[in-house]
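Please consult the sequence and the structure shown here while reading.

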Amino acid sequence: MKNELKLYQSSASPNSRRVRIYLAERGICATTVPVDLGAKEQFSSAYAAINPRRVVPTLVLADGTAIGEVQAIFRYLDEAYSDRPIGGTTPKEKALVAMWERRMEQEGFAAVMETVRNNAKGLAGRAISGPHGYDQIPALVERGALRIRDFYADLEGRLAANSLVAGETFSTADITAVVTVDFATKALSMPIPDNHTATRRWYDAVSARPGFSA
Ligand SMILES: N[C@@H](CCC(=O)N[C@@H](CS)C(=O)NCC(=O)O)C(=O)O
């Protein structure tokens, strides 16, 4: 199955980075196809034919099937390349990883994204990615900072009792959580708070894995 996959992605996109890290961690080869978000290439008719939501990433299979949404891409790759999945192996593990992955996405990643998109001048009228334009709501920026602080506090509680986000095994939930921390640090100057020692220990260990330079 090697080299049959194409990943449409942008180097500046944290959602694309989630999939790049997944592929690197699993040693799965995919041809990356850049989509220039700065040049609005996601709105070209050629890309809209691949992903009508006009967002990256999109994974295109050898038969032309296009899979959008990071969680769906993770799921496909875990099932199709099932030798060493990182989304769990038993039904119970799969459900727990899905639960933690979704929490990291909704409570962490989405909070950072909402804060950035409602604030950045360059994203005026584009507060939500996708085919429809939405105005920015300044109050969401203030609320976003609270959401991110709560995310960090909840994550610290989780990691004080578990070595990794979904428990004791590295998973897609760790990928999404590390990308969230890096996104908050870079785009909002909101790094892991100094007194969150469990999160720092986890972050240093996980982000040192070779796949995380992807
Ligand atoms: N829920 C989608 C979100 C994808 C998304 O919003 N991607 C951003 C980049 S991180 C994008 O394509 N933005 C294009 C735009 O803002 O027009 C997923 O999981 O893939």
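An N or O atom in the side chain of Ser 129 lies 2.6 Å from an oxygen atom of the ligand. On its own the ligand has 510 Å² of accessible area, and the protein covers 87% of that area. The model is predicted, and the distances and areas given in this report are computed from it.

An oxygen atom of the ligand is 2.7 Å from a polar atom in the side chain of Gln 42. Val 56 takes part through its backbone: one of its polar backbone atoms lies 2.8 Å from a nitrogen atom of the ligand.

## The shell and its position

The ligand is surrounded by 14 residues, and the closest of them are Gln 42, Val 56, Glu 69, Arg 117 and Ser 129. At least two shell residues come from helix 1 (14–26), and at least two come from helix 4 (91–117).

## Backbone features in the loops

Val 56, whose backbone approaches a nitrogen atom of the ligand, is joined to Pro 57 by a cis peptide bond with an omega of about 5°. Pro 57 belongs to the loop that runs between helix 2 (45–50) and strand 3 (58–60).

Glu 69, listed among the residues closest to the ligand, is not a glycine, yet has a positive phi of about 75°. This residue is located in the loop between strand 4 (66–68) and helix 3 (70–80).

Lys 40 also has a positive phi, of about 60°, although it is not a glycine. The loop that contains Lys 40 lies between strand 2 (31–34) and helix 2.

How values were computed. Residues numbered from 1 in each chain as written. Predicted model: local features only at pLDDT ≥ 70, side-chain atom pairs only at ≥ 80, totals over all residues. Heavy atoms only, no water. Near = heavy atom within 4 Å. Polar contact = N/O pair within 3.5 Å; in protein donor to acceptor, adjacent residues only side chain to side chain. Areas by Shrake-Rupley, 256 points an atom, 1.4 Å probe, with all protein chains shown as cover. Helix = DSSP H or I, 4+ residues; strand = E, 2+ residues; numbered from the N terminus.
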